[in-house]
Amino acid sequence: MSEKRMKSQSKEKKYVPEISKKEINELRNSVKTASEKIIAENIERMKKTAENRPKEMEYFDDIANFFGTREKELSEAKESGKKVIGYMCLFAPTELILAADAIPIRVNSGWYDTAKLGDRVVPVEVCPVVRSTIGAKMIGLSPYLELSDALISVLTCDGMTKLGEILSDYKHVWAMTIPRVKDSDQSLRFWNDEIKSMKSQIEDLTGNKINRKKLKSAIELTQKATKAFRRLQEIRKGAPVIMGRDAMLVNQTYMWDDITRWTEKTEALCDELEEMARKKLWACPPDTPRVMITGTPMLWPDNWKLPTLIEEGTPQGVLVADELCSSERLLYDPVGVDEWSMNDMFKAIGERYLMASTCPCFTSKDGNEDRINWLLNKIKEWNIQGVIYYVVRGCMLYAMEYTRVKKVLDDINVPVYYLDTEYTREDVGQMKTRVEAFLEMLTARIDL
Amino acid sequence: MITAGLDLGTQTVKAVILKDGEVVSRGKAFSGFDPTEAAKQAINAALKEAKLSLSDISHLTATGSGIEMAPNANSTISMMGADAHAGVFLFPKARTIIDVGAEEARAVKCDDKGVMMDFVVNERCAAGAGTFIEAMARALEVKLEDMGPLSLKAEHASPINASCVIFGESDVVTLIHRQESKPEIARAIFDAMADRVSSMVHRLGVNPDVVLVGGVAKDVGFVASLKRKLSIDLLIPEYPEYAGALGAALVAARRVKKV
């Protein structure tokens, strides 16, 4: 191969076709304008649904805008020399990023319109979260993805594995292999090694050493955040003082907000919610059917259609819990450290990300039993009356675990409905029919 | 007490009028571009037959995909909920109701009072529903109503794929090129549909007695194929396409009593 050809090949993208600057700009502007409208509209609808909406939600409404406060802050932080490290799956050890004085941001896309662009790179059969993230990068839509200096790609499902590879057309991508059988000693050893090698890469990029003191304060930071996070979910056990979409938005903003501030704001929100509960200021009638969602991650701003259909439905439902890696699974489990030695802290981080996860990319001696247990615990403790099993087309792992979940829930007589959809607005009518039939069934069962 | 049920389907609107727990009349109209107008026609036809006027109806409940366009509705019920009520009313021992309409197939499990306990709907595709037969009849140059009787003459089964109307049609073309006879192809079409519907029903679980309703229940070819696939007997009412409207009318009667 001639030297000239080699040189041109190294510049060439491996996956993504060339698009003219003009087209990129046009697309970015139109999708961004549409997205700003959708963000505002979603928030308006959420305000309208809640009978008593906590005042503290205002903060989260603001931080929910991708093209606002947070984008500005991140740009400024970068100008002052800070690094931003994006990640796709929640297995990326954020504590290490924080300990290196960098900013962790999750970058998966919830934009419907960019999924169509992703179709130029991968077939439509591929998971829309993946296609949409590719599309968002193609037109530079996501400020968080754009501002990332490197991306951590954890090889969970097939879609995420190849997404990292495709995004390497644009960014430094660090792959982390996660073992599929999680409850074995060798898996944990392997995963701990992955985390250790991630440490060096983060140190190299940021130029900051991760020492014991820094790692300890980073862990303490996420522990505090976890505490606030769990407090919010605890409150949702009672009669509804917060609508599910509002809670889900709070949970999700953790993915891109400043963690210290997010923790303070969430604690403040919880104070207000507890006060509301004392005054019996409910977000909706206390006898509203209590629903849980499990399945594919559901991402702001566009992919908000299912929770919207549930909470604006006739009859109405209220989302009181979920088992989504874009919401309640984000931060549910704290890093548990016995002794604050480097070794122990690493071990604790490894365990927190691997052992606690209920992601269907895992299997174990008894299958993904942890997920079943999570669901059963939620159903019992949060008094769930019905479960919607949500899957986007192309999301094999969640789709394949349905039969098992259905069987377990049938045994305890809790209705579950399998709802499959796409990154599109056009199927809302069909979805509405199904969701409302499900809610009607829950209401009829409660009336029996 | 007189109540009415209105089922705004994708292809036709059906109306049923109920007097003291008995069906007194039925009406039907093509949905077309104006489902609201079609609904008025359907209910007026039923009222005329029963020699009643709209003001005689104490409660009208609407169902169907066009539910939001229903005129004069006092309340609504989901299609699955309506199916469950109608199924148990028509056959008191019914616990599973399969409804195959023009654009959608669904199955509902219910209790002895007709309260829906679980349901499943075909995946966003009309291949398991009536439209598929229409498209395939066109490909075979056979009248829609002749498809069923034709398929019963088939001597063997030729498998085709019915994951999608479009791909299904190209499979049919392959059979035509293979010079399969029309009865064989017609049977293949019904078998493919029945495959889709039966796997959907199996996902839900089959609790006898099983009732089949919806417009497609009138097609002898489909019924024969579905019976074969499910290996059970199916109970089919005299007017299967009116089940949704009947269920809605029954719910309307319940709601009048509740008030």
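**What covers helix H7 of chain B**

Modeller: The cover over the buried residues of H7(B) includes H4, H6 and strand S9 (210–213) of chain B. Helices (H or I, at least four residues) and strands (E, at least two) are DSSP runs numbered from the N terminus. Before going on: this is a predicted model, where local features need pLDDT of at least 70 and side-chain atom pairs count only at pLDDT 80 or more, while totals for chains, interfaces and linings use all residues. Residues are numbered from 1 along each chain as its sequence is written, and chains are lettered from A and ligands numbered from 1 in the order in which they are written.

Biologist: Which residues of H7 in chain B are buried?

Modeller: In helix H7 (residues 220–230) of chain B they are B:Gly221, B:Phe222, B:Val223, B:Ser225 and B:Leu226. Buried means 20 or more other C-beta atoms within 10 Å of the residue's own, exposed means 12 or fewer, and partly exposed is in between, with C-beta atoms placed from the backbone. Just after H7(B), B:Ser231 has a positive phi of about 50 degrees.

Biologist: You mentioned H4 and H6. At roughly what angle do their axes cross in chain B?

Modeller: Roughly 100 degrees, for helix H4 (residues 144–151) and helix H6 (residues 182–204) of chain B, and the axes come within 8 Å. Axes here are lines fitted to C-alpha atoms, for helices over the stretch in contact, and angles run from 0 to 180 degrees between N-to-C directions. H4(B) and H6(B) are therefore roughly perpendicular to each other. As for the cut-offs, under 35 degrees is roughly parallel, over 145 roughly antiparallel, 65 to 115 roughly perpendicular, and the rest oblique.

Biologist: Which residues meet there, between H4(B) and H6(B)?

Modeller: From H4(B) you have B:Met147, B:Leu150 and B:Ser151, and they meet B:Lys182, B:Pro183, B:Ala186, B:Arg187 and B:Phe190 in H6(B). The residues of this contact divide into five nonpolar, one polar and two charged. Contact means that the C-beta atoms of two residues, placed from the backbone, lie within 7 Å. Ala, Val, Leu, Ile, Met, Phe, Trp, Tyr, Cys and Pro count as nonpolar, Asp, Glu, Lys and Arg as charged, and the others, Gly among them, as polar.

Biologist: OK, zooming out. How is chain B divided into domains?

Modeller: Domain 1 takes 1–90 + 241–259, and domain 2 takes 92–236. Those bounds come from an automatic or database domain assignment. The C-alpha centres of the two domains of chain B lie 25 Å apart. Their contact takes 16 residues from domain 1 of chain B and 20 residues from domain 2 of chain B. On the domain 1 side, helix H2 (residues 79–90) of chain B gives the most, with 11 residues.

Biologist: And chain B as a whole, how many helices and strands?

Modeller: Eight helices and nine strands. A compact globule of 259 residues would have a radius of gyration near 18 Å, and chain B agrees with its 18 Å. That radius is taken over C-alpha atoms, and the globule rule is 2.2 Å times the number of residues to the power 0.38. Of the 259 residues of chain B, 52% count as buried.

Biologist: What about chain A, how many helices and strands there?

Modeller: Chain A has 18 helices and eight strands. Its radius of gyration is 22 Å, close to the 22 Å from the globule rule for 448 residues, so chain A is as compact as a globular protein of that length. Of the 448 residues of chain A, 51% count as buried.

Biologist: Last one: is B:Lys51 buried or exposed?

Modeller: B:Lys51 is exposed, with 9 other C-beta atoms within 10 Å. Its phi is positive, near 55 degrees, in a residue other than glycine.
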